[in-house]
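Subject: Structure handover

Hi,

Here is the structure for you to pick up.

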Amino acid sequence: MGKQIYKMTVNGQVKEVMAEPRELLIYVLREKLDLTGPHVGCETSHCGACTVEMNGMSVKSCTVFAAQADGAEITTIEGLGDPDGLHVLQEAFKEHHGLQCGYCTPGMITRAHRLLQENPNPTEVEVRMGIAGNLCRCTGYQNIVKSILAAAAQINAAKEAAE
Amino acid sequence: MNDLTPPTREERSAKLKGLGTSRKRVEDARFTQGKGNYVDDIKLPGMLHGDFVRSPYGHARIKSVNIDAAMALPGVIAVLQAKDLEPLSLHWMPTLAGDKQMVLADGKVLFQGQEVAFVVAEDRYIAADAVELVEVEYEELPVVVDPFKALAPDAPVLREDLEAGADGAHGPRRHHNHIFLWEEGDKAATEQVIDSAEVVAEEMICYQRVHPCPLETCGSVASMDKVNGKLTLYGTFQAPHVVRTVASLLSGIEEHNIRVVSPDIGGGFGNKVGVYPGYVCSIVASIVTGRPVKFIEDRMDNLMTTAFARDYWMKGRISATKDGKITALHAHVTADHGAFDACADPTKFPAGFFHICTGSYDIPVAYCGVDGVYTNKAPGGVAYRCSFRVTEAAYFIERMIEVLAMELNMDAAELRRINFIKKDQFPYHSALGWEYDSGDYHTAWDKALEAVDYAGLRKEQAARVEAFKRGETRKLLGIGLCHFTEIVGAGPVKNCDILGMGMFDSCEIRIHPTGSAIARLGTISQGQGHATTFAQILATEIGIPADSITIEEGDTDTAPYGLGTYGSRSTPVAGAATAMAGRKIRAKAQMIAAYLLEVHDDDVEFDVDRFVVKGAPERFKTMAEIAYASYNQAIPGVEPGLEAVSYYDPPNMTYPFGAYVCVMEIDVDTGTHEVRQFYALDDCGTRINPMVIEGQVHGGLTEALAIAMGQEIAYDEMGNVKTGTLMDFFLPTAVETPHYTTDFTETPSPHHPIGAKGVGESPNVGGVPAFSNAVHDAFRAFGLRQSNMPHDHWRIWKIANDLGLHD
């Protein structure tokens, strides 16, 4: 299969990559753009370790072809915060022990980020439903849910204060 | 308050963030930013990728292998077969259990997914394409997936490589598919008591084959530097130092020329203890090609070929007096080990610590025997989030107690209470040979039952049964009880080893001149938070803030030798080594402090973060001052620097315990369940970091939920794995997972330097019986005695149907 050039905006930067159409987005991100935050856990869309945002939606990048991502706007965990300014969700996961081995964490936080765009004030049940596509083997989810609810409260409080 | 007010003792202590503090984890900064460094993140210049051709059959002879088409594909560098590894004697490898295992199929395959050939290519896509191009011709052989059928006289011979009639690693083999019979206890005395007992309960209890399934699969990157003769091996290793020794023994490369690195590990749960063909093939491929070679399992590889757990068929007989005092326990296990005996157990214990199966109870006489059997299934037999075979033992006794309670027509909580080992019986010598170090079961049990209002729950349950019989509801209420005793922290070198390596562990500490420190350990975290909690142990021991202590593990070039992290051994063994090394630092610091304060060594004492002159606390030297002095002053009779190392050989195991209650609603018509309440009381001795402990309990309970309610590695009669992807293999999401309430009592271990016992695996050991007992308990009023896990919707519906509840 011939290689083609695909152009995508990744974490705010325009990137051009040479890839076969069949190459998966997770492969392009990890191997060609050195964004190793998203992980591979199952390759069948079940575990969500590879979750990124594509055009304002959470997608499992292990089952999106590079060709499908041509022209897309993509955000990975690396685009959410940096050492000088962590995202509220990153801080909340640290504060509430929302992670252990860390393997699901980039996908989980990226998913939570989108969830809070979709529903800025979710209930516990809505958070649990909202992250049902992201598996974690370590935490039992209780502290992940707590982290996301705490982040939502903090974001909402900051919004209110600004208004 | 002015700034010159010296901090109080409490303030100084709080600044250390030592034992008992819910210190936030230092690992989290990198993980939350996607900056972890897992094995698949490693990229080396010129790196190649390996992938396996795997057997589609459960049992077959290999007639021919044709690699021409694969080799012709651009980008393919090599295709390795058994015959290529044979000159190096690497086509087979020793297992942890004293057996041997094919690295690549040598003439036949014995389980579906078995490694047949290893393709090495420029990238993963080319490797995967080439795997498809390798042509293998098989001749199918009869398949045996049932361990009982495997022992039939006319069963097919699975292991043709083993000499007929010859002993195995653990004694005589009585059949060509038999591996060992391992026994403990007094069989004749046990049978005599049971035969003449007032009440006897008998049951066959199956603990199904499952898989640890960490979110990160197994993998390795081998890099042979031919210029310097050094092999570097990165990988998902729960025991990196043992891997180095094994790699040296197998490859003939001297051990100092091998560096093994476990980078961040995305969960282990036992899956990453063993040595797998992929690791060996990546090493050989790197040696052959002179380039780094990466091998990463995909999820199907992981579920189908590495590290199953359980698969124990446990036949139990338990006897008691009419008023419920247990008099004897008899256990016989038929253990399905798959095609090769690759169980990860200490050498002398082919059935692990299954003989902890008398549980929390004072049982005067007992016997257990375990028969290991070969079948056409994947090898493994790892301790999936438990100490060796302890989950099986806990499930067995906690089910037998429930069955006995039915036989006695007695409340199961009360039956437990009257048989618990009493507080004043510790140290307690069990009938199967263990010395339980400490415990206070009655206090924990009473606290648990009160917390859930046990009496109230039983009343509600009785009313529910009546309402069900009247047709007013289709839901039943189950109250799942469990009191478990674990045995962890393997273990004393006198009886615990892995491949001859004694199961000690180690810690090496260096204090820097400005009063911060680095400590290196022989263990390796896979999410447990060692970098956080081991620094806390040290902070309390040496008076340097945990935030000023770096913890490093997993690089065999820098860390002291240790046996690794599994079986909840890190805190009991490496945690003890950490405390002991800290005490050596403190002893030297005392001499330095005394010199600086111009008093005798015995006239100073340790006080949180300093040494003070006895009776004159205003005269002191802080640990930072002492550290500096150790590097810049000539102190008579004392070597410069401040370092220590400790290799700790534990005198005994530790025995964490806990009391769990699960309250479950069951829909009789759909077989669905809802966990209404789960209360978990754990006693892990001294608590290092309560936040981390709670996190460990949540996670372990969720893995227990998975096992009890849905998880199974299932085979059909042809030897096909029916649950090879996450579509079929159950991992709970946030929706199925209930909310947990955690609680604790604190009974320190008397022989551990800080009294800690380990906790990571307790919730899995105790959780599985609690969930399963809840299902059984819901149907107890209708006569259900035993129904095997997993209790998925279909099986629960089937229980109700078999009991006539749908009529």
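B:Arg124 is partly exposed, at a relative accessible area of 25%. Keep in mind that this is a predicted model. The side chain of B:Arg124 forms a salt bridge with that of A:Glu31, at 3.5 Å from N to O. B:Arg124 sits in helix α5 (residues 124–133) of chain B and A:Glu31 in helix α1 (residues 25–32) of chain A, so this pair joins two chains. The two also belong to a network of salt bridges, together with A:Arg30, B:Asp40, B:Asp41 and B:Lys294.

Over all chains, the count is 69 salt bridges. Two within chain B are worth a look.

First pair: B:Arg159 and B:Asp99. Their closest N and O atoms are 2.9 Å apart. B:Arg159 lies in the loop between α6 (147–150) and β9 (178–185), and B:Asp99 in the loop between β4 (92–94) and β5 (100–102), so the bridge ties together parts of chain B that are 60 residues apart in sequence.

B:Glu541 belongs to helix α15 (residues 530–542) and B:Arg583 to helix α16 (residues 570–597), so the link spans parts of chain B that are 42 residues apart in sequence. B:Glu541 is buried, with 5% relative accessible area. B:Arg583 is partly exposed, with 31%.

Now the domains of chain A. Domain 1 covers 4–79 and domain 2 covers 88–162. Their centres, taken over C-alpha atoms, are 22 Å apart. In the contact, 19 residues of domain 1 meet 13 residues of domain 2.

How much area do domain 1 and domain 2 of chain A bury between them? About 1,200 Å², with 51% of it on carbon and sulfur atoms. On the domain 1 side, A:His39, A:Glu53 and A:Ile77 lose the most area, together 39% of what that side buries.

Across this interface there is 1 salt bridge. A:Glu53 also has a salt bridge to A:Arg114, at 2.9 Å from N to O. Between the two domains, 10 residue pairs are in polar contact. Strands β3 (51–54) and β4 (57–60) of chain A each supply at least two residues to the domain 1 side. By class, that side has 7 nonpolar, 10 polar and 2 charged residues.

Best wishes

Definitions and conventions. Residues are numbered from 1 along each chain as its sequence is written. Chains are lettered from A and ligands numbered from 1 in the order in which they are written. This is a predicted model: local features need pLDDT of at least 70, side-chain atom pairs count only at pLDDT 80 or more; totals for chains, interfaces and linings use all residues. Side-chain values use heavy atoms; hydrogens and water are left out. A salt bridge is a side-chain nitrogen of Lys or Arg within 4 Å of a carboxyl oxygen of Asp or Glu. Helices (H or I, at least four residues) and strands (E, at least two) are DSSP runs, numbered from the N terminus. Buried means under 20% relative accessible area, exposed over 50%, partly exposed in between (1.4 Å probe, protein chains only). Domain bounds come from an automatic or database domain assignment. Contact means heavy atoms within 4.5 Å. Buried area is the accessible area (1.4 Å probe) that two parts lose on being put together, summed over both. A polar contact is a pair of N or O atoms within 3.5 Å; within protein, one must be able to donate a hydrogen and the other to accept it, and residues adjacent in sequence count only if both atoms are side-chain atoms. Ala, Val, Leu, Ile, Met, Phe, Trp, Tyr, Cys and Pro count as nonpolar, Asp, Glu, Lys and Arg as charged, and the others, Gly among them, as polar.
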